[in-house]
Amino acid sequence: LDSFQGDRRLPASRTGKRLLDLVLGHEQERPPVWIMRQAGRYLPEYRALRQTAGSFLDLCYTPELAAEVTLQPLRRFPLDAAILFSDILVVPDAMGRTVRFEQGEGPRLEPIRPEDVANLKGEEGLAHLAPVFETVRLVRAGLSPEKTLIGFCGSPWTVATYMIAGRGTTDQGPARLFALQHPEAFAALIDRLVDFSIAYLVEQFRAGCDVVQLFESWAMNLDEVAFAERVIAPNRRIVEGVRAAIPGAPIIGFPRGAAGLVARYVEETGVDMVGLDYGMPVDFANTALPASVGVQGNLDPLRVVVGGEQMRERARSIIAGFSGRRHIFNLGHGIVPETPIAHVEELINLVHNG
Ligand code: CP3
């Protein structure tokens, strides 16, 4: 790990963007802060705009509206970063699969069969995501220079779980069976997703993103062999592929539920920082990860729903627990629609002022 960190280049001077600088290795006097799913239904201005925008995917593909939604949380809160408003499932959409978001039900896709994999669109499908790159350019133009712009994509295994099951699942059973029953089609699907994701992230950087995050939201429920094949190897290929085009590209990996495999994930993928879910004990992370590894997280989002002393106490102990290493303060998963805005204000104020 230390040899890997030693390979990383540090720009001679700071960029002046607090979050980006921390990812690049420059220490900060307080943790930078952003909130997973910070643009979304807990904000009345998001709900109002969402009403006028048609479908969720229409919103993602309308640059003026997507840029506005991206900036909404930064108008309210002193966050250090904006995250591009889009979704991990625009990738299967661009690859030619049918993707729909049913109001109140979550995503629905046409489940992919082994024989469909060969028909997925490759890089020519990237043209479908031109509105996303335009959104990045609009956000960049509207963002103050000290704020970091985060781009993202879903990691191949996580995106594949939705493509195979056609929806979110509790134990990823359909994808786990597909991987074992159709190993060749599964490997081909992951290869297609790796190649597409590299091209997609490179374009996000070229359009103006400072950092990208790989969302491996379903890194749990895998044995260590499956984790190495389906999580570590594809994430590593994406990191290498993106950095071949954008030398030193800053990348945060978020392997939700990686648990005891988190150190292997960091060491073998080469990500700059690792997002921790709220089930990851602070002491375990500090023992498992060398001090040179930066972390992001990891407050339970439901603590922000309830707020008060239990939220402040837990947030303070996370900040104190990670004070010996680079740390981006965040939730350990996405903020939920029921969250009171006053609690978010209080939480961000606590990160700024203790
Ligand atoms: O963080 C942000 O503010 C940026 C936007 C963003 C969205 N989705 C917007 C969204 C990001 C980074 C995502 C990532 C995403 N999407 C993930 C990885 C992170 C995670 O939560 O684990 C996953 C698994 C998805 C797939 C997805 N999209 C699901 C399962 C759902 C339905 C659940 C839900 O929260 O409604 C979505 C829809 C979605 N993506 C919404 C938003 C704001 C809600 C849709 C709406 O407004 O109608």
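How much helix and how much strand does the chain have over residues 150-166, and how far apart are the end C-alpha atoms? I started my notebook here and found 59% helix and 29% strand, with the ends 27 Å apart. A reminder to myself: this is a predicted model.

**Entry 1: the annotated stretches**

I picked that stretch from the UniProt record, an unreviewed entry, which places "domain: Uroporphyrinogen decarboxylase (URO-D)" at residues 32-41 and 150-166. I then looked at residues 32-41, where the chain is 0% helix and 0% strand and the end C-alpha atoms are 23 Å apart.

**Entry 2: helix 8**

Next I asked which residues of helix 8 are buried. My list reads Pro156, Trp157, Thr158, Val159, Ala160, Thr161, Tyr162, Met163 and Ile164. That makes nine of the ten residues, so helix 8 is largely enclosed by the rest of the structure. Just after the helix, I noted that glycine 166 takes a positive phi of about 85 degrees.

I stayed with tyrosine 162, which lies in this helix, residues 156-165. Why does tyrosine 162 count as buried? Because 29 other C-beta atoms lie within 10 Å, and the cut-off for buried is 20 or more. Leaving out residues up to four places away in sequence, I found tyrosine 162 touching Leu89, Pro107, Leu109, Arg167 and Gly168.

**Entry 3: the core**

I looked up the largest nonpolar core and got 108 residues. Val91, Ile150, Ala160 and Val274 have the most contacts inside it. Helix 10, residues 183-207, gives the most to this core, with ten residues. I followed alanine 160 and, setting aside neighbours within four places in sequence, found contacts with Ala175, Leu189, Ile190 and Leu193.

**Entry 4: around the ligand**

Which residues come nearest to the ligand? Of the 21 around it, I wrote down Ala39, Gly40, Gly106, Phe215 and Ser217. By class, I have eleven nonpolar, six polar and four charged residues in the shell. The unreviewed UniProt entry annotates a "binding site" at Arg37, Gln38, Ala39, Gly40, Arg41, Asp87, Tyr162, Ser217 and His333.

I found glycine 40 in the loop between helix 2 (18-23) and helix 3 (44-52). Glycine 40 is buried, with 20 other C-beta atoms within 10 Å, and 20 or more is what the cut-off asks for. Beyond its neighbours within four places in sequence, glycine 40 is in contact with Tyr46 and Ile335.

Is arginine 37 buried or partly exposed? I have it as partly exposed, with 18 C-beta neighbours inside 10 Å. Arginine 37 sits in the loop between helix 2 and helix 3, and its phi is near 65 degrees, a positive value in a residue other than glycine.

I noted a phi near 65 degrees for asparagine 221 too, again positive in a residue other than glycine. Asparagine 221 is in the loop between strand 5 (211-216) and helix 11 (224-245). I count asparagine 221 as partly exposed, with 16 other C-beta atoms within 10 Å.

Asparagine 298 lies in strand 8, residues 294-299.

Notes. Residues are numbered from 1 along each chain as its sequence is written. This is a predicted model: local features need pLDDT of at least 70, side-chain atom pairs count only at pLDDT 80 or more; totals for chains, interfaces and linings use all residues. A residue is near a molecule or strand if its C-beta atom, placed from the backbone, lies within 6 Å of it. Ala, Val, Leu, Ile, Met, Phe, Trp, Tyr, Cys and Pro count as nonpolar, Asp, Glu, Lys and Arg as charged, and the others, Gly among them, as polar. UniProt positions are given in the numbering used here, feature names are shortened, and annotations may be inferred rather than shown by experiment. Helices (H or I, at least four residues) and strands (E, at least two) are DSSP runs, numbered from the N terminus. A residue is buried if 20 or more other C-beta atoms lie within 10 Å of its own, exposed if 12 or fewer, and partly exposed in between; C-beta atoms are placed from the backbone. Two residues are in contact if their C-beta atoms, placed from the backbone, lie within 7 Å. A nonpolar core is a set of buried Ala, Val, Leu, Ile, Met, Phe, Trp, Tyr and Cys residues joined through C-beta atoms within 7 Å.
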